[in-house]
Amino acid sequence: MSGRGVRLGLGLVTGALMLVALYMVFVYVPTEADQGIVQRIFYFHVPCAWVAFVSFALVAIAGIFYLWLGQQVWDDLGYAAAETGMVFCTLVLVTGSIWAKPIWGAWWTWDSRLTTTLILWLLYGGYLMLRAMAGDSEQGARFGAVVGIVAAIDVPIVIVSVRLWRTIHPAVLVTRQGGHGLEDPRMVATLLVSLAAFTALFIWILCLRFVTLRMHTRLGALARSLALAEAAAQDS
Amino acid sequence: MDNLSYLFAAYAIIFALIFGYVMFIWRRQVALEIELRAMEARMRALDEAAGAAKARAGS
């Protein structure tokens, strides 16, 4: 199976999983007792956060391998993961803000979870700006790898922030039946399917972006070879 | 704005941003493919010209 076929297959699996997840979010899962219908944002908000964290962890891993081996493929993977992670981190902040307005009465609050997530977004925004300004230089890739590794330190901080500091970020959800959290198996099932759908979406988008960056790298190498060949032809 | 509007807004933004990003990647990929094909053709033409020049010099 060709790379294009794999990407098409991944896209179809992602689409199918996304449809199942949407059915479960809007039809199957019971409405949460306290927050009502708006709590359904949770089923896509959490998977977006999961994908963002995985992306940024991947940026750090790719950065370590790039600094160690110096192979362009690791830089391309790190760049693709950082960009994908930024898209999902943006979605986490936006959907969180939309969810916060009817529940907390404010679009934004300087809560520990929200603040550390915003810092994460700014750190990787800085990474992308650095990469955009440095162009295709090897130095830019090396600096990017270092920034990607250092910025990933914020990922575990975001995760444990609700335990380290006082927070109003929801930790316990109550169903209509009076149970705690996600004790209702339908809520757990819906969250798991959404997580699977977003993981597939992440892999698909990452593959697409990675292939694009590999093509860009190949184009750069080809342009250099062409310039050399043209110079040699003019000399002869 | 009632709660249903917030729910709709959240899901609409999720799909709009993801769709926009996938479109951006797809368009970039198409543009790169065209550029790559053009550059490969130039490279082939240059190789052929060099080969022809060598053959002329040899004869």
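On the surface, Leu67(A), Val146(A), Val150(A), Ile153(A), Ile157(A), Ile159(A), Val160(A), Leu164(A) and Trp165(A) form a nonpolar patch whose accessible area together is about 770 Å². Patches are made of residues with over 30% relative accessible area and no salt bridge, nonpolar side chains (Val, Leu, Ile, Met, Phe, Trp, Tyr) being joined within 5 Å and like charges within 9 Å; a salt bridge is a side-chain nitrogen of Lys or Arg within 4 Å of a carboxyl oxygen of Asp or Glu. Accessible areas come from the Shrake-Rupley method with a 1.4 Å probe, and for residues only the protein chains shown count as cover.

The model is predicted, so that local features need pLDDT of at least 70 and side-chain atom pairs count only at pLDDT 80 or more, while totals for chains, interfaces and linings use all residues. Residues are numbered from 1 along each chain as its sequence is written, chains are lettered from A and ligands numbered from 1 in the order in which they are written, and side-chain values use heavy atoms, with hydrogens and water left out.

Helices α5 (138–151) and α6 (154–164) of chain A each supply at least two residues of the nonpolar patch, and the largest share, four residues, comes from α6(A). Leu67(A), by contrast, lies in helix α2 (residues 42–69) of chain A, and at 40% relative accessibility Leu67(A) counts as partly exposed (buried means under 20% relative accessible area, exposed over 50%, and partly exposed in between, with a 1.4 Å probe and protein chains only).

Chain A as a whole comprises seven helices and zero strands, where helices (H or I, at least four residues) and strands (E, at least two) are DSSP runs numbered from the N terminus. The C-alpha trace of chain A spans about 85 × 40 × 30 Å along its principal axes, and 45% of its 236 residues count as buried. Among the contacts in chain A with a separation of 6 or more, 77% are accounted for by residues 24 or more positions apart, a contact meaning heavy atoms within 4.5 Å. The accessible surface of chain A comes to about 11,500 Å², of which 69% belongs to carbon and sulfur atoms.

A search of the whole structure finds 15 aromatic pairs over all chains; rings of Phe, Tyr and Trp (its six-membered ring) pair if their centres lie within 6.5 Å, with planes under 30 degrees apart counted as stacked, over 60 as edge-to-face and the rest as tilted. Tyr79(A) and Tyr127(A) form an edge-to-face pair, 6.4 Å centre to centre with 80° between the planes. This pair links distant parts of the chain, since Tyr79(A) lies in helix α3 (residues 72–104) and Tyr127(A) in helix α4 (residues 112–134) of chain A, 48 residues apart. Tyr79(A) counts as buried at 17% relative accessibility, and Tyr127(A) is buried with a relative accessible area of 2%.

In chain B, the ring centres of Tyr21(B) and Phe24(B) are 6.1 Å apart and their planes are at 20°, so the pair is stacked. Both residues lie in helix α1 of chain B, three residues apart, about one turn of the helix; Tyr21(B) counts as buried at 9% relative accessibility, whereas Phe24(B) is partly exposed at 40%. Gln29(B), also in helix α1 (residues 3–58) of chain B, touches Leu208(A), Val211(A), Thr212(A) and Met215(A), residues up to four places away in sequence not being counted.
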